[in-house]
Amino acid sequence: MGAAAGCYTGNKLDAETGRYSRLNDFRMEHIMLGGAEMTGSGAPATGLPRWRQQVQYAVGHTLNDFYSLQPEVRRETPVQFLMERRWPPQGNAFLSLMHYWDVKQGVADELTRIVAGNHTEEIPVMLYEQWHVPVPELSVELAMIFQLVWNSAREGRSLNIQKFMVNGHEDVITGFLHMANVFCHKAYGEPADTIGVYSLLDGRRHIFDGEAIPLQESLDYVRLLSVFLEREAHREGCMKYGNRKNERDEPVLRGYGLM
């Protein structure tokens, strides 16, 4: 397997990467989940109900806590115990007290099932880390936050990638799949072994064979995605400055124009 994407060195590559705009996977998710509008504070909304944001945050920290442990310690540590420390308090974010307990029990049950047979003797090679790689033919720098990644033992394959969502979302899964495929090819010169997306509340598991995903198809998807996200960023910029009419000057008007 090739060197990790975050370990590239050399002034030539650094200079090349610096010319590219960055395409972030979290930005893709934000748009796909309907988070194009801005909140009153000027920060992007996620497009998710607040309870789901809180649960996703708790799940992320729980998995990070669990897989930061050595395998022999993980075997003796119930994931529910770690989840309890991270779980949000019952409040107005949830629809009702019953909803709160149903979500908590459902997520705990699914996490328990997953970790019971998930690379129990291995140490992850990526654990909630952001990695980036240039994609010259698209003139973008692809940046991805990988929740849980394992080395592959198969010849000609790079990684086993795992993503965990409170609820699966078809467009987010498709976007992540193609971005991860491009990442693996550009960072390692090989396809992923598997790309798995786990939807915790409904227990669904989407496992993709990395070799079965055509690279050109993924490049085409990421190219279209980068154009779409650039347009959305432009539109949000117009919305932001449109609410500050008294502060706008000629350079700003030239930069954003009329939609």
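This is a predicted model: local features need pLDDT of at least 70, side-chain atom pairs count only at pLDDT 80 or more; totals for chains, interfaces and linings use all residues.
Let us start with the overall picture. The protein chain has 259 residues, and 45% of them count as buried. Nine helices and six strands make up its secondary structure elements. If you take the contacts in the chain with a separation of 6 or more, 67% of them come from residues 24 or more positions apart.

Now back to H2, which covers residues 25–32. Its buried residues are Asp25, Arg27, Met28, Glu29, His30, Ile31 and Met32. One of the partners of this helix is H7, residues 170–188. The two axes come within 9 Å and cross at roughly 160°. An angle over 145 degrees counts as roughly antiparallel, and H2 and H7 are therefore roughly antiparallel to each other. Their crossing is right-handed. On the H2 side, the contact is formed by Asp25, Met28, Glu29 and Met32, while H7 brings Asp171, Val172, Gly175, Phe176 and Met179. By class, five of these contact residues are nonpolar, one is polar and three are charged. Just after H2, glycine 34 has a positive phi of about 85°.

The largest nonpolar core has 37 residues, and Phe176 is one of the five that touch the most other members, together with Leu142, Phe146, Ile161 and Phe183. Several elements give two or more residues to this core: the helices H2, H7 and H8 (215–242), and the strands S2 (126–135), S3 (140–151), S4 (159–165) and S5 (194–199). H7 gives the most, with 11 residues. In general terms, nonpolar side chains tend to be buried together in soluble globular proteins.

Leaving aside neighbours within four places in sequence, isoleucine 161 is in contact with Phe146, Leu148, Val149, Phe176, Ala180, Cys184, Ala192, Thr194, Ile195 and Gly196. There is also a second, separate core of 27 residues, which includes Ala93, Val107, Leu111 and Val166.

From H3, the residues Trp51, Val55, Val59, Thr62, Leu63, Phe66 and Tyr67 meet His99, Val103, Val107, Leu111 and Val115 in H6. This contact has 10 nonpolar and two polar residues, and no charged ones.

H3, residues 50–67, also packs against H5, residues 79–86. The angle is about 135°, with the axes 9 Å apart, and that makes H3 oblique to H5. This crossing, too, is right-handed. Ala58, His61, Thr62, Asp65 and Phe66 in H3 meet Val79, Leu82, Met83, Arg85 and Arg86 in H5. The contact of H3 with H5 divides into five nonpolar, two polar and three charged residues.

Finally, let us visit the loops. Leucine 138 lies in the loop between S2 and S3. Is leucine 138 buried or exposed? Its relative accessible area is 11%, so leucine 138 is buried. Not counting residues up to four places away in sequence, leucine 138 touches Leu219, Val222 and Arg223. Leucine 138 and serine 226 are 88 residues apart in sequence, yet the C-alpha to C-alpha distance is 8.7 Å.

Serine 139 is found in the loop between S2 and S3 as well. With a relative accessible area of 42%, serine 139 is partly exposed. Most residues other than glycine have a negative phi. Phi of serine 139, however, is positive, near 55°. Histidine 119 likewise has a positive phi, about 50°, although it is not a glycine. The place of histidine 119 is in the loop between H6 (97–116) and S2.

Notes:
Residues are numbered from 1 along each chain as its sequence is written. Side-chain values use heavy atoms; hydrogens and water are left out. Axes are lines fitted to C-alpha atoms, for helices over the stretch in contact, and angles run from 0 to 180 degrees between N-to-C directions. Helices (H or I, at least four residues) and strands (E, at least two) are DSSP runs, numbered from the N terminus. Angles under 35 degrees count as roughly parallel, over 145 as roughly antiparallel, 65 to 115 as roughly perpendicular and the rest as oblique. A crossing is left-handed if the near helix is turned anticlockwise from the far one by less than a right angle, and right-handed if clockwise. Contact means heavy atoms within 4.5 Å. Ala, Val, Leu, Ile, Met, Phe, Trp, Tyr, Cys and Pro count as nonpolar, Asp, Glu, Lys and Arg as charged, and the others, Gly among them, as polar. A nonpolar core is a set of buried Ala, Val, Leu, Ile, Met, Phe, Trp, Tyr and Cys residues joined through side-chain atoms within 4.5 Å. Buried means under 20% relative accessible area, exposed over 50%, partly exposed in between (1.4 Å probe, protein chains only).
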